[in-house]
Amino acid sequence: MIGHWVSLVRHTPLAILTDLDGTLLPFAPTPEEARPDPGLMTLLRSLASRPGLRVVIVSGRPHTTLERYFPDEALWLVAEHGTWYRAEGAWQPTIELAPEPIHRLAERLEEMARAHPGARVERKSWSCALHYRRMPHHARAAFGVEASVILEDFLARHPSFERIEGEQVIEIRAAAARKSFAVTWARQRLGADVRLVALGDDLTDEHLFAALSPTDEGVLVRGGVPRRTHARWEVGGVADARAFLAFIDDARSEGKRMSLSAVPLAPVRPRVPSLAAPSSLLVVSNRLPDLRSSESVDPVRRVNVGGLVSALEPILAERHGLWLGWGGRVVPDCDEPGYGVDEGSPPLAWFDYRQSWLRDYYSGFCNATLWPLLHSFPSRVVIDETTWRSYVDVHEAFADAAQRYVTPHDTLWVHDYHLLLFARTMRARGHRGPIGLFLHVPFPGPDIFSILPWAREVLGAMLEFDLVGFHTHGYVANFTACAASLLGSVAGPHVVEHSGHFTSVEAFPIGILPESFQEAPEPALVAEIQDLTRSLGSTRLVLGVDRLDYTKGIPERLLAFGRLLELYPEWRGRVSLIQISVPSRADIPEYVEQRASVEGIVGRVNGQFGEPHWVPIRYLYRGYSRAHLSRLYRAAHVGYVTPLRDGMNLVAKEYVAAQDPDDPGVLLLSEFAGAAAEMKDALLTNPYYTDGMARDLDRALRMPLEERRARHGRLLAVTERTTALSWAESFLAALSERSPRRGT
Ligand code: GDG
């Protein structure tokens, strides 16, 4: 480690790219109170005077503030998250965007902040920041909701801006702004052989770390909530970060002896797992849930912690379990992936992906081959031997990671299509404990599945699990039909024999935690939703909520809504559709196309039917908090859930759980969602048939109260019968029951 650092910090040219707040300056209640002190100024001046070394301050602060703090031109400055920069001489903007909208937003926020003691708005050229560090904790949730209403409205109208969350601050800024600009700029100015050392503490600094090349280093300054990072090194806080810079300063001064032992620098990975004993239950999924930004930490941050986490959390706690998966970080192919454990509830064991795994395994075989295949979109299936090989190889990487945490007798519960070969890989390594697979997506019949050149191999590997669970009996039947027709397996209704091993195959329809969609909302949220319903007037609300994915049938749904307005002109001005589309897999071309197609249809329908006082479709391309979703579900007269194909579709169940039983809305549900197998009292529709769906929508909008109540009562009973928790318990009970005891 010492040799590595000595050679890096003595390299010429070298550039230090460093954030300011939380990195070199401790946080203060207001930005004005956090100013560089004389000690820091001396250190920075000294560094900037060293030959062959550049210091670049990369901050989110306004450029006017940085100019005031650092008039000395020896320092290079990047302000407002990469929208302004100053080398020698004048400031230059890096983007071209009209500043008026953000100024008007700042005025609205200032007006709101006046009613919330401790809230403060900081204005910048193309961004504004809303600080709540000085607000009392109990007032933050209501404040967050009120702010979100203003911010979401702004973002819906100004797509070139985005929302980001910092340390007790929400910022709206130009979407093109990235601190990674500093990396590109430093390289351009200092030449390709420059080496960079970047320091930062905040989520916005992750752009900086991610843009570094393998010969550079990122140093995370730990402070707030623990999180994963692209940086490979870490220091404990501001004092340590300054000590580290002092070490670089010494290293570049003639004749000074360097002692790295005084520098509190440590590799971020591998962090030694400190679990007391190996796990008796290991849950394995491709991606880990993003838990560490939870509401319990900070109510103003948005969260996306689904029912799966809430279901698995008590089970993992009881069984001393661990959840293993990719942590979201990617390292260059030439690097060793890092491993680590984040203790907490549930405890997570993560590891890094290599760049080629992301490309060939995740975006390739998982999402361009298996996803369309299993959802019966044969024309979208990409067949590629390279990605198939990567799929096989990445199973070995998952198995390497798993073997760090389990004994050969422990129970493994594997999730989804990313890990269909996992039982085979683990058995080859001598694992004897029970291994179960739950598939969250559909399973097609042999006609579709046999399109895959490796269909037999995949099926054979799936039959090395002790239990394979699906959402519906239909998928169970398709799977057993595949095993019988492609492998010649002997298949009973719930068991399949292959090479002398018996695999149980069963339906375990997943549920939600209904009460989490029925909780009494915060008063501010009630007021907000009342505002929305008032603004709709007598207009009825139809609501769609999905990840933006071609399987979800969003274009078809929008077209049918347009058709409703054509076939039944009496609905014009009297019904609006809110479509929330959560960004998903945005780096895969099909998903980019899908977004463009959806936006095109929204524009056409709104252009054709919209009037100054009425917008037919409001399209929101972002995620919302669980509390917001629950209230929107409850306010909607129709839950418009019309995927072309879907394993289950939890939105359908969430919509039902959130309704007012005395005056419930109508669930309009695709017959191709797994949920339709259980939710027969929904109004079932065929999303491929535009006119039919428009007519079903009309029927839903006109349904009398009595019929709505009767249908809702039966649907709620279904939703409450199988919850996320009972689903997880029954799967694990079946796994322990069905697994033959293997010799030790
Ligand atoms: C796969 C299968 C199967 C959506 N927007 C927001 C948000 N969501 C939440 C919903 C719901 C979840 O995301 C979506 O679940 P789905 O079941 O609809 O769909 P997939 O993501 O495709 O899930 C599916 C599921 O696995 C479980 O086995 O049902 O068939 O494809 O919970 O509420 N959550 C928050 N903000 C949002 O804006 N917080």
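Helices (H or I, at least four residues) and strands (E, at least two) are taken here as DSSP runs numbered from the N terminus. The model is predicted, so that local features require pLDDT of at least 70 and side-chain atom pairs count only at pLDDT 80 or more, whereas totals for chains, interfaces and linings use all residues. Residues are numbered from 1 along each chain as its sequence is written, and side-chain values use heavy atoms, with hydrogens and water left out.

The ligand is surrounded by 23 residues, of which the closest are His440, Tyr624, Asp646, Leu650 and Glu654, a residue being counted when one of its heavy atoms lies within 4 Å of the molecule. Strand 24 (540-547), helix 19 (626-635) and helix 20 (650-658) each contribute at least two residues to this shell. The shell comprises eleven nonpolar, seven polar and five charged residues, where Ala, Val, Leu, Ile, Met, Phe, Trp, Tyr, Cys and Pro count as nonpolar, Asp, Glu, Lys and Arg as charged, and the others, Gly among them, as polar. Oxygen atoms of the ligand take part in polar contacts (pairs of N or O atoms within 3.5 Å): a polar side-chain atom of histidine 471 lies 3.1 Å from an oxygen atom of the ligand, one of lysine 552 lies 3.0 Å from such an atom, and a backbone N or O atom of asparagine 649 lies 2.9 Å from an oxygen atom of the ligand.

Helix 19 and helix 20, which both supply residues to the ligand shell, pack at an angle of about 70° with their axes 8 Å apart, the axes being lines fitted to C-alpha atoms over the stretch in contact and the angles running from 0 to 180 degrees between N-to-C directions. Helix 19 is therefore roughly perpendicular to helix 20, a description applied to angles of 65 to 115 degrees, while those under 35 count as roughly parallel, those over 145 as roughly antiparallel and the rest as oblique. In this contact (heavy atoms within 4.5 Å), Ser630, Tyr633 and Arg634 of helix 19 meet Val651, Glu654, Tyr655 and Ala658 of helix 20.

Helix 17 (residues 554-567) and helix 18 (residues 589-609) pack at an angle of about 10°, with their axes 9 Å apart, and helix 17 is therefore roughly parallel to helix 18.

Notes
Polar contact = N/O pair within 3.5 Å; in protein donor to acceptor, adjacent residues only side chain to side chain.
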